[in-house]
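Subject: Structure handover

Hello,

Please find the structure below. My notes on what was found in it follow.

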Amino acid sequence: MGRAAIAAVSKARGMELAGAIDSQCIGMDVGELTGMDEALEIPVLNDLTMVLCSIAQTRATGVVVDFSEPSSVHDNVKQATAFGLSSVVYVPKIEMDTITELSAFCDKASMGCLVAPTLSIGSVLLQQAAIQASFHYNNVEIVESRPNPSDLPSPDAIQIANNISDLGQIYNRQDMDSDNPARGQVLGEDGVRVHIMVLPGLASSTSVVLSAPERYLSCK
């Protein structure tokens with residue numbers, strides 16, 4: 001992921017790569033490491049504080065992209081914030097408690113931090129659509145298809161459920177307490193249910209179906 005991010009930032013208009021942190025490949029040029037035609041004259045370092053300090057002193061604005069581990073995200077974001085840098089975090093299986101703590105910390109510091117549950121633009125748009133639509137519907141169910149039974153429910157489904165549960169609304173009131181297994185698994189405490197088809201050959205997909213009397217909306 002780090003190599004892909006380096007390549008994307010280097011090729012993006014109006015963006016400049018300022019540094020790279022890793023516990024491996026220390027000293028290697030990031031351009032050579034990612035297979036670019038030319039070296040970028042930016043070595044891989046393992047000292048986050050040094051790189052953040054350099055960026056804060058030489059750039060007017062900066063963003064730290066974190067692909068590390070759940071155990072180190074909190075400290076990384078705190079360091080970036082201390083140097084006046086916003087953060088984009090993509091760390092699978094990050095705990096909700098950590099996200100809550102980061103949100104409170106960044107609000108207090110008046111700094112931005114985006115915790116991205118996925119790097120798929122389609123998935124992010126799906127989550128935003130589900131949030132906006134959930135204000136207008138009383139029933140919400142998530143439907144997924146997967147070719148194999150790993151990581152079920154998916155991180156996308158869990159994130160969608162968490163997002164719309166934080167809005168303070170109770171969904172599927174008519175059978176919220178049903179323990180019938182055919183009704184799917186309840187995610188969170190607000191009645192959002194998820195149904196998953198696992199069949200070899202199926203493409204992975206996540207849909208959000210919202211409804212109210214005489215109308216429904218399906219977000220895919």
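Which residues are linked in a network of salt bridges? They are Glu141, Asp175 and Arg183. A salt bridge here is a side-chain nitrogen of Lys or Arg within 4 Å of a carboxyl oxygen of Asp or Glu.

Before the details, the conventions. This is a predicted model, in which local features need pLDDT of at least 70, side-chain atom pairs count only at pLDDT 80 or more, and totals for chains, interfaces and linings use all residues. Residues are numbered from 1 along each chain as its sequence is written, and side-chain values use heavy atoms, with hydrogens and water left out.

Salt bridges

The whole structure has four salt bridges. In one of them, the closest N and O atoms of Glu141 and Arg183 are 2.7 Å apart. Glu141 belongs to strand β6 (residues 139–146) and Arg183 to the loop between α7 (155–165) and β7 (185–187), so this pair ties together parts that are 42 residues apart in sequence. Helices (H or I, at least four residues) and strands (E, at least two) are DSSP runs, numbered from the N terminus. Arg183 also bridges to Asp175, with 2.4 Å between the closest N and O atoms. Glu141 and Arg183 are both buried, and Asp175 is buried as well; buried means under 20% relative accessible area, exposed over 50%, and partly exposed in between (1.4 Å probe, protein chains only). Arg146 pairs with Glu144 at 2.9 Å between the closest N and O atoms, and both of these residues are buried.

Aromatic rings

The ring centres of Phe67 and Tyr90 are 6.2 Å apart and the planes stand at 75°, so the pair is edge-to-face. Phe67 lies in the loop between β3 (63–66) and α4 (70–82), and Tyr90 in the loop between β4 (86–89) and α5 (96–109), so parts 23 residues apart in sequence are tied together. Phe67 is partly exposed, at 27% relative accessibility.

Sheet

An open sheet of three strands runs in the order β3-β4-β5, with parallel pairing (two strands pair if DSSP finds at least two bridges between them). The edge strands, each pairing on one side only, are β3 and β5 (113–115). Four bridges join β3 and β4, and Val64 stands opposite Ser87 in β4.

Regards

Definitions and conventions. Rings of Phe, Tyr and Trp (its six-membered ring) pair if their centres lie within 6.5 Å; planes under 30 degrees apart count as stacked, over 60 as edge-to-face and the rest as tilted.
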